Amino acid sequence: MVDVTLESAPVACLRPTAEEPQALCLDTTYDLHEVRALVEGSAYTAHICSRGEETQAIKHQAGFKTRRGVAERTHSWMNCFLRILIRWEKKPKNYLGFFHFICAIVMFRRTELFG
């Protein structure tokens, strides 16, 4: 699915070329030879943390903190809402409505408009 994902990027951006490659950050799940070959073939520069590399860095470097993606952090914030974590709605429209409402609450809290 990596090749399909690379070809169907929903955000309009410049396509990477050999002269101007774009960075592509992936986690250890994608640490496979096939994925690396696909990423290199599509003119991206892969930044993939090797398996165990992060664990070794935590053990050997003082003050090293793991860095998580924005999506993982946002999903963690959304998991605080039981209505999204456990889907009770039968209709997709209802679930999607609650999902959008919770996204708005998370963003509202994040902007800290009211302290």
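How many bridges join strand β1 to strand β2, and do the two run parallel or antiparallel? Let's start there, keeping in mind that this is a predicted model. Strand β1 covers residues 22-26 and strand β2 covers residues 44-48. Five bridges hold the pair together, and the strands run parallel. If you want a spot to look at, find L26: across from it, in β2, stands I48. To get from β1 to β2, the chain passes through α2, and this β-α-β crossover is right-handed.

Now for the inside. In soluble globular proteins, nonpolar side chains tend to be buried together. Here, the largest nonpolar core is made up of six residues: V2, L6, L24, V35, V39 and Y44. Two helices, α1 (2-7) and α2 (33-41), each give at least two residues to this core. Take V35 as an example: leaving aside residues up to four places away in sequence, V35 touches V2, L26 and Y30.

Let's finish with E89, which you'll find in the loop between α5 (82-85) and α6 (92-111). Is E89 buried or exposed? E89 counts as buried because its relative accessibility is 10%, and the cut-off for buried is under 20%. So who are its contacts? Not counting residues up to four places away in sequence, E89 touches R83, N94, Y95 and F98.

Conventions: Residues are numbered from 1 along each chain as its sequence is written. This is a predicted model: local features need pLDDT of at least 70, side-chain atom pairs count only at pLDDT 80 or more; totals for chains, interfaces and linings use all residues. Side-chain values use heavy atoms; hydrogens and water are left out. A nonpolar core is a set of buried Ala, Val, Leu, Ile, Met, Phe, Trp, Tyr and Cys residues joined through side-chain atoms within 4.5 Å. Buried means under 20% relative accessible area, exposed over 50%, partly exposed in between (1.4 Å probe, protein chains only). Helices (H or I, at least four residues) and strands (E, at least two) are DSSP runs, numbered from the N terminus. Contact means heavy atoms within 4.5 Å. Two strands pair if DSSP finds at least two bridges between them. A crossover is right-handed if, with the strands pointing away from the viewer, the path from the first strand over the helix to the second runs clockwise.
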